[in-house]
Amino acid sequence: MDNAFAQPDTDRAPPQADVRADTRSGMVSDARSEQEQSASAVWRDALLALAIFAVDPPGIGGVLVRARAGPVRQRWIDQLKARLGDFGPIRKIPLNVSDDRLIGGLDLAATLQTGKPVASKGLLAEADGKVMQIAMAERMEAGTAARIASVMDHGEVRVEREGFGQTLPSRFGLIACDEGAEDEEQPPGALSERLAIQIDLSTVPPHDTEGQEAKRARAVQLARQRLPHVSASDEILNALTSTAQALGVQSMRAPLLALKVAKAHAALSGVDEVRQDDAQVAARMVLTPRATQLPPPPEQEEPDEQEQPEQDNSEDQQQEPEAQDQQAEDQQAEDQQPEEQQPEEQPEDDGSGSDDEDEEDAPSAEELAETVLAAAQSALQPGQLERLRDQMGRRDQGAAGRAGALAKSRTRGRQVGIFRGEPGGSNRLDVMATLRAAAPWQPLRGRTLPGKGGSGGKLVVQPEDFRIKRLKHKTETATIFCVDASGSSALHRLAETKGAIELLLADCYVRRDKVALVAFRGKEAEILLPPTRSLTRAKRSLASLPGGGGTPLAAGLNEAWVLADHANRRGETPVVILMTDGRANIDHTGGTDRTQAKADAQAAARRLRATGITALLIDTSPRPRQTARELAGAMGGHYLPLPHADASALSQAVKTAEKSL
Amino acid sequence: MAVAYPFSAIAGQEEMKLALTIAAVDPSVGGVLIFGDRGTGKSTAVRGLASLLPQMRAVEGCRYGCAPDGDTELCEAGCPKMQAEGGEVPTHEIDVPVVDLPLGASEDRVVGALDLERALSHGEKHFEPGLLARAHRGFLYIDEVNLLEDHLVDVLLDVAASGENVVEREGLSVRHPARFVLVGSGNPEEGELRPQLLDRFGLSLEVETPTDLDTRIEVVRRRDAFDRDKDGFKQTWQDEDDKLRRTILDAKERLPETQVPHAALRRASEICIQLGTDGLRGELTLMRAGRAAAAINGDPEVTDGHLRQVATMALRHRLRRDPLDEAGSTTRVERVLAELFDGDAESSGEAA
């Protein structure tokens, strides 16, 4: 599975972080030296990003650092620490932080000591004016991210918890370290949306980082004082906004964040007015990583004019074919996308659009917009294009690329009740409930008003007051349908499965489950619906289901296993529902050897069993067959002959199977 | 409280602004749901609305900011309204509350609970109203409404349906009025809304980022100006905000006199039948929203134009899910509207 952030192979184009530093039209044979150059260019850029961020952490929001823990990341963070000044030291947000700690709650010790409810500040309030760091941001829950995001938007944290209602200032910068190994694992969108700068250190070898330092702390300090006086002209706003649009960046936050970065960069350079190079840096750091499309190509009528003044641009055009050589698949994307874009607005139109408004010096505004776009475009990495196309493909189907990853873990341990008991061990004391239980009895327990003797104004809590939280941490179930789409009954089977999936999803609000669909036919298996709980998304994916062909049972089971394994790692409970008549006739290589096909299917089924995945085999053949029963045995799953399965019977069967978990 | 971005300075997003204005004019339309991508100005609009709303009269000394009308059913003992016994009630002007329900709020803060401080220091039971009480006669805003914990959703559904909040806990037994306009916003990518909750919202919107470059530049320019000088920027837009506030006040006044002719009711039913919406809530909302739209425009009665203006937002979330129709619900509503209205326009044109 390729992704944009994989370690670079030697036969792949290196990241082009700063193409202007390298004006040759790169040849494939130069790949190695270019890679070294660009790795150090990436590091230089990262150091620049660090200095920019340090100038205005709350304004810029933060930096999304794509890197595993290691010397490179550590060096980057160390250098940042040295430049934060008053914004330091860096506080860490633990991944599984509870609302008590994040937002704040009741301070039990202080409350018991004083006999009055005392609030404890949450991390978000404590970090006011500081910088915070999240490790493994890709595993953060959407709910936690939404809480942090809302505070970032308002600069204050609203606490409505455990008897307290207060609003505390909370303005901070965030360093989110994304260690995701696969494209599927992405930091929550609510968070990455608000972090202006995204850098990728995963391709930087440690030796490239030696001896290079970001701007000195003193320079950052001076820039901070200068920042309030930095302003940006309408041309700059125009250039950043049109670049964002040309790259298909939808959110309006992106150009605004780019503006903040441009201002910080200008302040670092010691000027009061944002200039072209500030905007270029901002476009590269903020807009390029968010790109979802290639910019529309220059108009074809005047190709010469385009190429001569725009060296970056023309060179970029030449680099793309280079990438094509190495990745044949890219070719299609890059050839097609510009064509698809053509009906949309051309850069020339953008320029003249602002003409109509109030720009007198239109040519310079237009030029500026083009140069900024060129800078952003040249920073697009070859791998990113591939991922981009991937996401566009998914977007075409109506679902946004990251939806699956975003919706992955929302279940929090939810309090479902309180009971009397002893705290300790796995019992968590419910402070509020305990105090509430104790509060009404205080006069009887000899506590008088403060200063009048008795227990000295302190709260008397007795063991019978202890209340324990009963938490129900329901793990999500990921139901993976693996459907035999071969042969004549395929259409009917698929239609019923589709109905069952929709019934299950309609129910998922209560059950918090996800559903996925793998279909196998012909020579291979295909994930028709990645795990989702969105009915809308499912409906779109299920719109057209193909049927007919051979029965590559092994391939189907393998694909289902991969999904189930992923679900397991996400902490979900996978359930595989296999719907087939059990007659495998395509082996794992795509050959038509029936014996081999059967053996492969058995092996794949045993792998499911070995991983401990709950499975159910629904035999759809008109007459129940021994082969299917054997397969169910190999899977260690239930066997259910259901020759005329309809959607509701099917969803009922699945629910019954899941209850037996 | 931080200075909010002025409501009228929001570039584009006309449908969203109209829906919120309608809800301000006639709270009985029953809430607004704003679903859309990130960075479309959803929360900005709601927060801007808060500083725009005209003040309202309330009973002085009432903990819940009740209206000075004759309804004393839910009043607590000792409420000035009860003591007045139908006579003159002391009143004062108060701001319309726009209460934020933050994620992570605990249930005791939402529904209200025993006042801990008083329980601890005086050993007495005293009810401390929660966010629901504070939102009475105003707006309750939930950002990321699809991430709200289930048990809070249950509470909200119950209160929104009955208009009163019943608290039975820790030996307390309290009933108080809690009628508010529920405003929810969220991103559909993070999960869908429970159908019951979806049904609670009168109007639903799908907002997108503006695609027109000039509008986008305008958004960035205004936001930059706001970030640099919040108070100055607010001053600049004060006139526009004031104008809108007057419009809302005027519309509120006109609302009772705004007529819904039989033809408009008929038309509303036709639209709903054609779309196959469940229940009568669709027609009711469509009628109310149409009336508010007419009042905002200063028109004496509801016409097809008003219905058309609000039909999409009133109905798009009430369509039955149709697995075979891949078109979004917005498209489906608009298709039916085009069929009904344009078809008639043609035939009436022929008749003329």
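View 1. On the contact side (two residues touch if their C-beta atoms, placed from the backbone, lie within 7 Å), residues 24 or more positions apart account for 74% of the chain B contacts with a separation of 6 or more. Chain B has 14 helices and 11 strands; these are DSSP runs numbered from the N terminus, helices being H or I with at least four residues and strands E with at least two. Keep in mind that this is a predicted model, where local features need pLDDT of at least 70 and side-chain atom pairs count only at pLDDT 80 or more, while totals for chains, interfaces and linings use all residues. Residues are numbered from 1 along each chain as its sequence is written, and chains are lettered from A and ligands numbered from 1 in the order in which they are written.

**View 2. An open, mixed sheet in chain A.** Six strands line up in the order E15-E14-E13-E16-E17-E18, where pairing takes at least two DSSP bridges between two strands. Strand E15 (524-532) and E18 of chain A are the edges, each pairing on one side only. On average, neighbouring strands of this sheet are turned by 15 degrees against each other, direction ignored; the axes are lines fitted to C-alpha atoms, for helices over the stretch in contact, and angles run from 0 to 180 degrees between N-to-C directions.

View 3. Strand E14 (residues 514-521) and E15(A) run antiparallel and share six bridges. Val518(A) has Ile527(A) as its bridge partner in E15(A). H26(A) also packs on the sheet, touching strand E16 (573-580), E17 and E18 of chain A, and its direction makes about 175 degrees with that of E17(A).

View 4. One bridge partner to look for is His638(A) in E18(A), which belongs to Leu616(A). From E17(A) the chain passes through helix H26 (residues 626-635) to E18(A) in a right-handed β-α-β crossover, i.e. clockwise from first strand over helix to second when the strands point away from the viewer.

**View 5. Around Thr611(A).** Thr611(A) sits in the loop between helix H25 (594-610) and E17 of chain A. Why is Thr611(A) counted as partly exposed? Because Thr611(A) has 13 C-beta neighbours inside 10 Å, and that class lies between exposed (12 or fewer) and buried. Beyond its neighbours within four places in sequence, Thr611(A) is in contact with Trp561(A) and Asp565(A).

How values were computed: Buried ≥ 20, exposed ≤ 12 C-beta atoms within 10 Å, placed from the backbone.
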